[in-house]
Amino acid sequence: MNKKNCTMKIKMKITTTNKSKKKKKKKEVTTDKVMLAKEAVIVRDALDPSISEPAQRVREALEAKGLETPMVANGLTDEQKRKRIESAMRDVMDTLGLDLTDDSLCDTPTRIAKMYVNEIFGGLDYRKFPKITAIENKMQIDQPVQVSDISLTSTCEHHFVTIDGTATVSYIPKDTVIGLSKINRLVGFFAQRPQVQERLTQQVLVALQTLTNTEDVAVSINATHYCVKARGIRDTNSYTKTSALGGRFLTDNELKREFFR
C-alpha cells in the first residue's frame, strides 16, 4: 500500500470517528433535554397549589415505578395549547386538500383543539385529578369491593384513534374505604390520555394502591382498539384484555379466580 492510500484511509477513519462522536454527543444532549423537561414537569406539579395532595402522591408513585405517561413541560397554558393545535390542524386539513372555507369544515380545527385539551386528553393535567373521598374503615370490611364493567374510552398513543372498552376494579380495604364512583373517575382520568392499554391498567392499579394504602388491588381491562379495527388489519372482532394484580390477588388463587370469573 502506497503512502497516499494509507493517508486517505487514516483521514477517512478519523472523519468517521468524529462523526460518530458528534452523533453520540447529540443523542446525549437530546436525552439530557428530555430528562430535564420531565423533571421540570415534576417540579412544576410539586409547586402547584392547585394540584391536590392525593394527586401528588399518585404521580410520585407512578414516577417511582416508571409507569407515568411520557410528558415534558412546555410552559403552555390551556388557551395557548388550543391555539397551537388549531393552527396545526388547519395545516393538516390544508395538506389533505380540504376546503377550510366550507361551512362544515371551517370550525373543525377549533373543535379538535378544544376536544384534545378540554376532554380526551384532560388526564394529562393533574389539576383535573378527581377528588377522592375516603372514610375510615369502621365497618372492618376485609373482603373485596369490586366495581365491574366501568365504561372506558381512551386514545391510542400510536395512531391517536379510539380505544373503547370496559374496566373491572377490585380492592380489599385496609384502613380506608373510598367512594365507589371515585373508582370510575380514577379510571376515566387515566383513560383521558394518549395511552397503551398495558400502561393504563398498571396506572389504575398503582393509583388505587396509593390512595387506599393497600397492595390488595386488581384491575382488568377489555377493549377494542380502533387502530386495529379501522386501519391496518381492520379486524372488527378482536379485543385486547389486560390485567394487573397486587397483594393477595397475586398470592390467593381463590381471590384471583373470583376476580376473573
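The model is predicted, so local features need pLDDT of at least 70 and side-chain atom pairs count only at pLDDT 80 or more, while totals for chains, interfaces and linings use all residues. Residues are numbered from 1 along each chain as its sequence is written, and side-chain values use heavy atoms, with hydrogens and water left out.

**View 1. Helix α2 and the glycine after it.** Helices here are DSSP runs of H or I with at least four residues, and strands are E runs of at least two, numbered from the N terminus. Among the buried residues of α2 are A55, V58 and L62; buried means under 20% relative accessible area, exposed over 50%, and partly exposed in between (1.4 Å probe, protein chains only). G66, which follows α2, has a positive phi near 70°.

**View 2. Q140 in a loop.** Look between β1 (134-136) and β2 (145-156) to find Q140. Its phi is positive, about 55°, although Q140 is not a glycine. Q140 is exposed, at 61% relative accessible area.

**View 3. F160 in the loop between β2 and β3.** Strand β3 spans 162-171. F160 is another residue other than glycine with a positive phi, near 55°. F160 is partly exposed, with a relative accessible area of 41%.

**View 4. L98 between two helices.** L98 sits in the loop between α3 (78-95) and α4 (108-120). At 37% relative accessibility, L98 is partly exposed.
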